[in-house]
Amino acid sequence: MDTLQAIESRRSIRHYKQKPIPRETILKLMEAARLAPSSSNTQSWGFKIITDSSTKKELRKACYNQHFVEECAAVVVCCIDFGQFKMRGKRTRELVRIGAVRPSPEMILRSLRGGSDKEYEEERNFINGTINVAIAAEHIVLAAANSGIGSCWVRAFEHERVTRIVNPPENHVVLCLLTLGYPAEEPPPRPRRSLDEIIFE
Ligand SMILES: Cc1cc2nc3c(=O)[nH]c(=O)nc-3n(C[C@H](O)[C@H](O)[C@H](O)COP(=O)(O)O)c2cc1C
């Protein structure tokens, strides 16, 4: 399956077979997350893979009783790791050293300016952190589609309750959950706006 086929065939799956996903298969999907692009290559993410029934049950309750959160084979809890932004300078220098980027004088000035403004820094980390984790999560979703594994993004949850269940490491903030499992449904494509509607002149 090529990338476009995976994109076209992917659906949010909310009914799963009661069949576990082998650990190696889940790790292959996580490898797709690891390779995702991120702002300044900060890789500001952390994941918890939950497969045990009692934790999935707790998560279902924290997700407004969305049944598939318990019925899926695994829940991947996707977190922003804000601690990684402390390494931004190091990561950038690494990119410069290997010749991946050659910052213009304007970029250097901008980063110096940004570094001195705490409020701007926090906002930037929040936005970039969200984008970075979202890309990594969608890599998991597409890799899953490519392996015949269904998935669904879940953002409708009680944040504090999920955080208590997951108990993420310091500096980690839960952004979204992904349910994974072998599909027990083959839904048709969901409605989408046309290209004409989404490309503006
Ligand atoms: C950020 C985000 C949050 C979502 N949260 C939920 C959710 O809590 N529960 C759910 O059933 N689907 C959720 N979805 C799935 C969307 O409903 C779904 O992507 C959309 O209806 C389009 O359907 P499709 O994914 O099958 O193409 C979420 C999707 C995204 C991207």
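This is a predicted model: local features need pLDDT of at least 70, side-chain atom pairs count only at pLDDT 80 or more; totals for chains, interfaces and linings use all residues.
**The ligand shell and a pair of helices**

The side chain of S12 places an N or O atom 2.6 Å from an oxygen atom of the ligand. The backbone takes part as well: a polar backbone atom of A156 is 3.0 Å from an oxygen atom of the ligand, while a nitrogen atom of the ligand lies 3.3 Å from a backbone N or O atom of W153. How much of the ligand does the protein bury? On its own the ligand exposes 620 Å², and the protein buries 65% of that area.

Attention now turns to two helices. Helix 3 (residues 53-62) and helix 8 (residues 159-166) have axes that come within 9 Å and cross at roughly 170 degrees. Angles over 145 degrees count as roughly antiparallel, so helix 3 is roughly antiparallel to helix 8. Which residues make the contact? Helix 3 provides T55, E58, L59, K61 and A62, and helix 8 provides R161, V162, I165 and V166. By class, this contact between helix 3 and helix 8 comprises five nonpolar, three charged and one polar residue.

Definitions and conventions
Residues are numbered from 1 along each chain as its sequence is written. Side-chain values use heavy atoms; hydrogens and water are left out. A polar contact is a pair of N or O atoms within 3.5 Å; within protein, one must be able to donate a hydrogen and the other to accept it, and residues adjacent in sequence count only if both atoms are side-chain atoms. Accessible areas come from the Shrake-Rupley method with a 1.4 Å probe; for residues, only the protein chains shown count as cover. Axes are lines fitted to C-alpha atoms, for helices over the stretch in contact, and angles run from 0 to 180 degrees between N-to-C directions. Helices (H or I, at least four residues) and strands (E, at least two) are DSSP runs, numbered from the N terminus. Angles under 35 degrees count as roughly parallel, over 145 as roughly antiparallel, 65 to 115 as roughly perpendicular and the rest as oblique. Contact means heavy atoms within 4.5 Å. Ala, Val, Leu, Ile, Met, Phe, Trp, Tyr, Cys and Pro count as nonpolar, Asp, Glu, Lys and Arg as charged, and the others, Gly among them, as polar.
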